[in-house]
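Q: Please take a close look at one part of the structure shown below. I would like to know what that part touches and how it packs.

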Amino acid sequence: MEENVYDNDFNFSTSEVEKLISECFAETEKASRENYDHYKAAKTAAMFLTAQYKLSLLIEDIEFDAKNSKNEITRLEGEKYFEFKLENADKKTTESMITSYIAKSQDIIDAKKNCAKSESLLKKYNFILNTLKDGHVYFRNLNKNKSWQE
């Protein structure tokens with residue numbers, strides 16, 4: 001999913017957002033292993049805010065894709081239902097048979113797989129967004145602690 005995310009004057013790719021997230025987590029790892037520069041903490045907190053903003057735009061796109069893919073599944077299921085009914089108009093078929101026919105259709109399988117991928121990605125990025133929020137607060141507080149110690 002290497003799409004561009006657009007918002008007014010901002011244009012960036014998914015990989016750029018993921019690179020920024022990696023930079024944020026690298027700073028968190030540094031802070032967990034050694035004393036972290038209090039002056040740098042304010043800039044790091046700002047970087048976390050930037051990552052949150054960009055990730056929220058990416059999440060918006062993924063959420064749209066997930067919801068749209070559910071609509072596509074419903075559309076395809078309806079299409080397959082009528083296709084089956086027309087092909088088998090002279091035969092007695094049960095709803096269970098039609099449901100099975102629809103479920104094994106490759107179009108339906110692919111659409112459900114795409115929907116599951118979008119929902120999984122959405123869940124992952126929402127978790128990361130919450131982690132970025134916590135990281136922002138952590139680094140902001142590191143900077144405040146420096147001010148209080150002076």
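A: Contact here means heavy atoms within 4.5 Å. By that rule, and not counting residues up to four places away in sequence, Leu132 touches Ile21, Cys24, Phe25, Phe48, Ala51, Gln52 and Leu55. The model is a predicted one, so local features need pLDDT of at least 70 and side-chain atom pairs count only at pLDDT 80 or more, while totals for chains, interfaces and linings use all residues. Residues are numbered from 1 along each chain as its sequence is written, and side-chain values use heavy atoms, with hydrogens and water left out.

The part to follow is helix H2, residues 38-87. Helices are DSSP runs (H or I, at least four residues), numbered from the N terminus.

Start with the core. A nonpolar core is a set of buried Ala, Val, Leu, Ile, Met, Phe, Trp, Tyr and Cys residues joined through side-chain atoms within 4.5 Å. Buried means under 20% relative accessible area, exposed over 50%, and partly exposed in between, with a 1.4 Å probe and protein chains only. The largest nonpolar core has 24 residues, of which Leu55, Tyr125, Leu132 and Phe139 touch the most other members. H1 (14-33), H2 (38-87) and H4 (106-149) each supply at least two of its residues. H2 gives the largest share, 10 residues. A second, separate core of 8 residues includes Ile73, Leu76, Phe84 and Ala111. In soluble globular proteins, nonpolar side chains tend to be buried together.

Gln52 is also in H2, and it is buried at a relative accessible area of 12%. Beyond residues up to four places away in sequence, Gln52 touches Leu129, Leu132, Lys133 and His136.

Next, the packing against H1. Axes are lines fitted to C-alpha atoms, for helices over the stretch in contact, and angles run from 0 to 180 degrees between N-to-C directions. H1 and H2 have axes 9 Å apart and pack at an angle of about 145°. On the H1 side the contact includes Val17, Ile21, Cys24 and Glu27, and on the H2 side it includes Lys40, Phe48, Ala51 and Leu55. By class, this contact has 9 nonpolar, 4 polar and 5 charged residues. Here Ala, Val, Leu, Ile, Met, Phe, Trp, Tyr, Cys and Pro count as nonpolar, Asp, Glu, Lys and Arg as charged, and the others, Gly among them, as polar.

Lys40 of H2 is partly exposed, at 34% relative accessibility.

Last, H3 (residues 95-104). The axes of H2 and H3 come within 9 Å and cross at roughly 125°. That makes H2 oblique to H3, given that angles under 35 degrees count as roughly parallel, over 145 as roughly antiparallel, 65 to 115 as roughly perpendicular and the rest as oblique. H2 contributes Glu77, Lys80, Tyr81, Glu83, Phe84, Lys85 and Glu87 to the contact, and H3 contributes Glu95, Ile98, Tyr101 and Ile102. These residues divide into 5 nonpolar, no polar and 6 charged. Lys80, in H2, is buried at a relative accessible area of 11%. Leaving aside neighbours within four places in sequence, Lys80 is in contact with Tyr101, Ile102, Ser105, Asp107 and Ile108.
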